[in-house]
Amino acid sequence: MRAGNIYQFKHMSQFHNVANFNKHKEVFLQRNPDLFTHSEFIAFEVLSQYSVVVPGVANAKIGTLVSACSPKQGGISRATFVRMLRKAKKAGILKTYKTYRSCGGFSHNIFVFQPFDATCDTQMTQCENLEIAYDSKERAVQSTEETEKLFTNLKNKDLNIRQEKEVQPLHDDNQLLSKDLDYTFVPNTVPNNFIHTVKPFFDRADDIYTFWQKALLVYKKINFDTPLEHMTTIVIEAFKTTVFHYKHRNIKTTFVQYYYGTLSAMLSAEKRREYAEHRLKPRYNWLDV
């Protein structure tokens, strides 16, 4: 494929407009909240921003895209960007193509986002124009399996938190009761200091428990020697960091996804520190030999 202007690849677009592209991307992220690390998510968002001139299509070198990530929280490495591409292609949201100069040699890449959800696509094609698409966005989100739920900060009314929720009908009184449990019903496996940190923003028992389960999921993936309960301070710091960035409108995805990525980065750093200390610790006291 010959290198060229972005409009030469307009025929490769899989989307009707930018709103249609953004909708498919959001559904993909909601269905795959744990796919990308925090750094990989930054790479994914930058690539998405380069894909709006022709909806869902970008023509750029990886080096250019990596450089574009630099202003965002310290930037990322080329290896991180390549790792994001590999995951996105495996998940079916992205295809890549190489281009060549007329005089020979490799030129820029062509990145083509793929439709992710057929139901979402059907809903968006019924929109007559971009303005109607944006007006109907909220109604379309409500029809997906996972949707965002707005929570109000009890101490600071201008802080709102979004969290993904699976929409399920209430079949009986027991399910209705489970929706009304406050923070005092959180299982005792969750540390009290974590509960008291989260409850001003999420006062439902199932919400607080979900945040701790996310921490437990990251903990098991990293395979620590130290019990998770001994690292509650790190988990709390990840939650507070997420609240801070949400309040300053720095989060482009959902609150839960950002929290998960932040916690993954913090616990990974703690694992490296733990490993370094283990290597430096002497196996015996040679002075007593």
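Trainee: Is glutamate 40 buried or exposed?
Mentor: In this predicted model, glutamate 40 is buried, because its relative accessible area is 1% and the cut-off for buried is under 20%.

Trainee: Which residue forms a salt bridge with glutamate 40, and how far apart are the closest N and O atoms?
Mentor: Arginine 83 does, and the closest N and O atoms are 2.7 Å apart. Glutamate 40 belongs to helix 2 and arginine 83 to helix 4, residues 78-91, so this pair ties together parts that are 43 residues apart in sequence.

Trainee: Why can such side chains pair at all?
Mentor: Side chains of opposite charge can pair when their charged atoms come close.

Trainee: And where does lysine 87 come in?
Mentor: The side chain of lysine 87 also meets that of glutamate 40 in a salt bridge, at 2.7 Å from N to O. Here lysine 87 in helix 4 and glutamate 40 in helix 2 are 47 residues apart. Through shared partners, the salt bridges join Glu40, Arg83 and Lys87 into one network.

Trainee: How accessible are arginine 83 and lysine 87?
Mentor: Arginine 83 is partly exposed, with a relative accessible area of 31%. Lysine 87 counts as partly exposed as well, at 26%.

Trainee: How many salt bridges does the structure hold?
Mentor: It holds 4 salt bridges. One of them links glutamate 45 with lysine 25, with the closest N and O atoms 3.3 Å apart. Glutamate 45 lies in helix 2 and lysine 25 in helix 1, 20 residues apart. Both glutamate 45 and lysine 25 are buried.

Trainee: What about the second largest pocket, how big is its volume?
Mentor: Its volume is about 270 Å³. Among its 16 lining residues, the closest to the centre are Thr37, Ile222, Ser264, Ala265 and Ser268. Helix 12 gives the most to this lining too, with 6 residues. The lining of the second largest pocket has 6 nonpolar, 6 polar and 4 charged residues.

Trainee: Last one: which residues make the nonpolar surface patch of about 290 Å²?
Mentor: Tyr7, Val52 and Val53 make that patch. Tyrosine 7 sits in the segment before helix 1 and is exposed, with a relative accessible area of 54%.

How values were computed: Residues are numbered from 1 along each chain as its sequence is written. This is a predicted model: local features need pLDDT of at least 70, side-chain atom pairs count only at pLDDT 80 or more; totals for chains, interfaces and linings use all residues. Side-chain values use heavy atoms; hydrogens and water are left out. On a 1 Å grid over the protein atoms alone, a cavity is a set of points where a 1.4 Å probe fits but cannot get out, and a pocket is an open set with protein on both sides within 12 Å along at least five of seven lines; lining residues have an atom within 4 Å of a point. Grid points are joined across faces, edges and corners, and a volume is the space filled by probe spheres set on the points. Helices (H or I, at least four residues) and strands (E, at least two) are DSSP runs, numbered from the N terminus. Ala, Val, Leu, Ile, Met, Phe, Trp, Tyr, Cys and Pro count as nonpolar, Asp, Glu, Lys and Arg as charged, and the others, Gly among them, as polar. Patches are made of residues with over 30% relative accessible area and no salt bridge: like charges are joined within 9 Å, nonpolar side chains (Val, Leu, Ile, Met, Phe, Trp, Tyr) within 5 Å. Accessible areas come from the Shrake-Rupley method with a 1.4 Å probe; for residues, only the protein chains shown count as cover. Buried means under 20% relative accessible area, exposed over 50%, partly exposed in between (1.4 Å probe, protein chains only).
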